[in-house]
Amino acid sequence: RVEAFDRKLASVIEERAEMALTMRQGLADRQFSLRLQPIIDVASSEPIGAEVLLRWNRPGIGEVGPADFIPVAERTGVIVDLETWVLEQAVGILRDWRLDPVTARMRLAVNISGRHIVEGNLAPLLDELCQRAQVDPALLDLEITETHLMSDVYRSIVVVDELRSQGVNVSIDDFGTGYSSMSYLHRLTVDALKIDQVFVAGMVDDRLDRTIVELLLRLGDSLGLQVVAEGVDSERKLALLKELGCPWAQGYHIAKPMSVEDATRWLKQQQALAASMA
């Protein structure tokens with residue numbers, strides 16, 4: 001038989017293999033850091049917290065975004081170690097915020113891979129972290145994506161129920177884009193939905209996208225779920241979301257991802273501004 005060698009594909013495969021090997025070492029060498037992107041109450045413009053975003057300062061390459069390394073981490077199982085570190089850091093931030101009345105009730109949303117839910121010890125880990133730091137688990141929102149989640153439905157249901165019984169909130173990330181999105185709501189008991197930015201991006205000019213956003217907002221309201229719109233990058237989109245009654249939102253128009261220190265400062269400033277306007 002004849003096989004064609006693809007130099008570009010071979011390079012990609014080699015890069016992924018090298019990335020998987022260096023990620024664990026990167027954790028030990030403190031090459032990973034967090035960024036926080038604030039989330040606001042749309043009606044009042046009051047900040048309610050932030051989403052935690054992971055960055056990798058890879059030697060010789062520079063800052064690498066999660067889109068480049070998370071898929072490799074999921075395939076190789078490194079994702080469990082990465083997300084364990086992220087959760088430890090997130091609980092530490094909530095512990096520090098608790099000391100200031102302005103940020104004491106601010107929330108943090110953390111993305112969790114379905115593989116971590118199926119293969120990890122998520123509920124005992126969070127229980128231990130929150131108790132040790134004396135942090136209210138209700139201030140944690142775990143955002144679950146579709147990857148690996150439905151590969152073991154029974155295990156997913158057990159873990160999600162256990163997390164919620166501890167007080168941790170669970171939300172479905174990128175809702176509406178996956179083929180099994182509605183299946184989530186049928187099989188898993190969750191607290192919130194995040195409207196994928198692909199719909200928010202087109203909602204001002206595309207009637208179909210606007211209709212989808214409206215339907216998702218109604219769905220969340222009828223099921224008693226919190227709804228967050230992501231990818232809000234203009235005043236027109238924020239105004240339309242307010243008109244449609246969207247509870248919470250995040251995006252570059254509201255605030256870009258920033259360091260923990262800068263995000264904490266931003267949250268305090270916006271909280272003071274919202275209080276003065278009220």
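Visitor: Which residues make the nonpolar surface patch of about 260 Å²?
Guide: L9, V12 and I13 make that patch. Bear in mind that this is a predicted model.

Visitor: Where is V12?
Guide: V12 sits in helix α1, residues 7-28. V12 is partly exposed, with a relative accessible area of 33%.

Visitor: New topic. How many salt bridges are found in the whole structure?
Guide: The search finds 18. One of them joins the side chains of E128 and R132, at 2.6 Å, N to O.

Visitor: Where do E128 and R132 lie?
Guide: Both are in helix α5, residues 122-133. They are four residues apart, about one turn of the helix. E128 is partly exposed at 44%, and R132 is exposed at 58%.

Visitor: What about D233 and K237?
Guide: Their side chains meet in a salt bridge too, at 2.7 Å, N to O. D233 is partly exposed at 46%, whereas K237 is buried at 9%.

Visitor: Which residues are linked in a network of salt bridges?
Guide: E51, E143, K194 and E230.

Visitor: And Q250, buried or exposed?
Guide: Q250 is buried, because its relative accessibility is 1% and the cut-off for buried is under 20%. Q250 lies in the loop between β9 (248-249) and α11 (260-277).

Visitor: What does Q250 touch?
Guide: Its contacts include E51, K194 and E230. Those three also belong to the salt-bridge network.

Visitor: Last one. How many disulfides are there?
Guide: Zero in the whole structure. As for cysteines, C130 is buried at 5%, and C246 is buried at 4%.

Terms used. Residues are numbered from 1 along each chain as its sequence is written. This is a predicted model: local features need pLDDT of at least 70, side-chain atom pairs count only at pLDDT 80 or more; totals for chains, interfaces and linings use all residues. Side-chain values use heavy atoms; hydrogens and water are left out. A disulfide is a pair of cysteine sulfur atoms within 2.5 Å. Buried means under 20% relative accessible area, exposed over 50%, partly exposed in between (1.4 Å probe, protein chains only). Helices (H or I, at least four residues) and strands (E, at least two) are DSSP runs, numbered from the N terminus. Contact means heavy atoms within 4.5 Å. Patches are made of residues with over 30% relative accessible area and no salt bridge: like charges are joined within 9 Å, nonpolar side chains (Val, Leu, Ile, Met, Phe, Trp, Tyr) within 5 Å. Accessible areas come from the Shrake-Rupley method with a 1.4 Å probe; for residues, only the protein chains shown count as cover. A salt bridge is a side-chain nitrogen of Lys or Arg within 4 Å of a carboxyl oxygen of Asp or Glu. Lists of a residue's contacts leave out its neighbours within four places in sequence.
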